[in-house]
Amino acid sequence: MTPDQPVPQAAAPAEEAPADSRPRRRRWPRLTLPGSWGALLLACLSFTPSLLPRGGVLQGLICGISAAIGYGLGVVGAVVWRAFADREARPASRRSWQVLLVTAGVLFGVSFGLGQYWQHEIRALMDVTDYSVPGAVACPFIAVLVFLLLLLTGRGLRRLYHGAARLLSRWIGRRAAKAVGWIVVAGLAWSVFSGVLLGGIVSAANEAFSLRDTTTPEGVHQPTSALRSGGPGSLVPWDSLGYQGRAFAGGGPTAAQIGAFTHRAAQEPVRAYAGLATADSAEARAGRAVADLRRAGGFDRENLLVVTTTGSGWVDPAAVDSFEYLGNGDTATVALQYSYLPSWLSYLVDQSKAREAGRELFDAVYDVWSQLPQDRRPRLFVAGESLGSFGGEAAFSGEYDLRNRTAGTLFAGPPAFNTLFREFSDHREPGSPEIEPVYKDGRTVRFTDDPTAGIPPTDAPWNDTRVLYLMHPSDPIVWWSPDLVLSEPDWIGEAPGSDVLGSMVWIPFVTFWQVTADLPFSTGVPDGHGHTYKAAYVDGWNAVLRPTGFTPRDLDRLRDVIHPAG
């Protein structure tokens, strides 16, 4: 190269493509057309009525979950159809998406409007006046948010599956890697949900409610009567009773209040209780409670009641107070605690504890009772509400056992998984509805929604021991079951109960989530609906106890005492 020649310039770098020079924009998750149709269909169907009134936030949650399930079903359905048609997936046309968007706007709007109408009808049936306009407005936005969260979670699991399958394919065949990959991811997801998420929620709740168990309800004071656990001479320390145990031992009607109702000389009822802090095991707690019951003279009373509590140890005051008023105070009641968790949570995780507590307590009472001279034995009764009915049933093998070992039983709001309740209902007389079944002509066991309206079969004798189940047609605790996912229950196919809309229909997947969402709010409705049993205990115990000297007017007065109007 000579000095006269120009120095060659370095080649200019090639320009980057314009697309790469622009910042990337976040994009919404890409959706498939079949999945979107499935999501739309189930989202619209989620507005159909269930058992209880639903607010906008809860409806949005159900709508989002239903849409996610519908999307998954749509995607799976399309894959299956393409497999049979032997064709690959192809992108949907612009016109197909336009048709979907127009249809979605119309269908969702109509479904939302119908949903508001149905919710108004349910509120009218139950005399519920609460309604939140902001909640209703927020419903669609909550539904979209829940749907997207579930969609992204599903796609994250799918990516994890693909990664696992690629990794496994290094050592095993491709098909085997795919199969094993699904198993690994499914197992991992379930372990995280049940072990980390669900286990963490239960542990946190248990810790929180165990702290509450050390407190005392406002207005409750340590008894000054020797007839109560925690009182003078009691074998169970007041501090060991727990929150609900202190409410039970420190509450209830006095002899003067009972006498004012019965117009007779009344006794002060005996109440015995053992909390979780009383002893380390259910057997030991039952033994301590029965020992305290015996110390207080409980086995010398005319009527003795064994109550299996709900999860937190709660005993419904309406159930025991009614028993004591109708027994003129010549009564004794014993119960024990088996969990810190509230009823709706213990319903899901504490079933074995409820069964053990119910069996241990009744067996401990029966062991003492059966050794007494027959002419000195009190009449022995059993009661339980919700999970308490499940535990109460655990001490008995069937109808004959209930009839032979008790003078009567009153269960309220029995969960669908109760062993005896399920047996009695499944073997009901042909033609009797599931919401009010008739079992063996009602000779021992009967069911009712409203005992004031008669307990069927009203034309058949009901002698000796009486077993009565109180259950509302609108109580989700009674009717919830995993079978709702894919099976229509009889109680939906039959004529609806007095507080359930005839518009309620069974829809695969959707109905399950609707009734599941009703569970935490089952006690948030007025008495006589959902899982709220108050005044019904008066007539329920009147039927089971068969006391003398009470007129229909007296029962009306007692209902006002147990559950004052307004």
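These notebook entries record what I looked up in one predicted model.

**Ground rules**

I am working with a predicted model, in which local features need pLDDT of at least 70 and side-chain atom pairs count only at pLDDT 80 or more, while totals for chains, interfaces and linings use all residues. Residues are numbered from 1 along each chain as its sequence is written, and side-chain values use heavy atoms, with hydrogens and water left out.

**Entry 1: strand β5**

I began with β5, residues 408–412, taking helices (H or I, at least four residues) and strands (E, at least two) as DSSP runs numbered from the N terminus. Is β5 enclosed or open? I noted that five of its five residues are buried, so the strand is largely enclosed by the rest of the structure; buried here means under 20% relative accessible area, exposed means over 50%, and partly exposed lies in between, with a 1.4 Å probe and protein chains only. In a regular strand the side chains alternate between the two faces of the sheet. In β5, I found Gly 408, Leu 410 and Ala 412 pointing one way and Thr 409 and Phe 411 pointing the other way, and all are buried.

**Entry 2: the neighbours of β5**

Next I looked up the pairing, where two strands pair if DSSP finds at least two bridges between them. Strand β4 (residues 379–385) runs parallel to β5 and is joined to it by five bridges, and Ala 383 has Leu 410 in β5 as its bridge partner. I also found that β5 pairs with strand β7 (residues 466–470) in the parallel sense, over five bridges. For that pair I wrote down two partners in β7, namely Val 467 for Thr 409 and Leu 470 for Ala 412.

**Entry 3: strand β7**

I then turned to β7, which is mostly covered, with five of its five residues buried. Arg 466, Leu 468 and Leu 470 point one way from β7, whereas Val 467 and Tyr 469 point the other way. Strand β6 (residues 445–448) pairs with β7 in the parallel sense over four bridges, and Arg 446 stands opposite Leu 468 in β7.

**Entry 4: cavities**

Rolling a probe the size of a water molecule over the atoms shows where empty space is left. On a 1 Å grid over the protein atoms alone, a cavity is a set of points where a 1.4 Å probe fits but cannot get out, a pocket is an open set with protein on both sides within 12 Å along at least five of seven lines, and lining residues have an atom within 4 Å of a point. Grid points are joined across faces, edges and corners, and a volume is the space filled by probe spheres set on the points.

How many cavities of 30 Å³ or more does the structure hold? I noted two. The largest cavity has a volume of about 80 Å³, and of the 13 residues that line it, the closest to its centre are Val 307, Val 315, Asp 316, Gly 384 and Glu 385.

I recorded about 650 Å³ of space in the second largest pocket. Of the 20 residues that line this pocket, the closest to its centre are Leu 31, Ala 39, Ala 104, Val 144 and Phe 147. By class the lining has 19 nonpolar, one polar and no charged residues, where Ala, Val, Leu, Ile, Met, Phe, Trp, Tyr, Cys and Pro count as nonpolar, Asp, Glu, Lys and Arg as charged, and the others, Gly among them, as polar.

Which helix gives the largest share of that lining? I found that α5 does, with six residues. Helix α5 has 36 residues and reaches 53 Å from its first C-alpha to its last, close to the 52 Å expected at 1.5 Å a residue, the expected span being 1.5 Å times one less than the number of residues. I noted a bend of about 40 degrees in α5 at Cys 139, with a proline, Pro 140, following within four residues; the bend at a residue is the angle between axes fitted to the seven residues ending there and the seven starting there.
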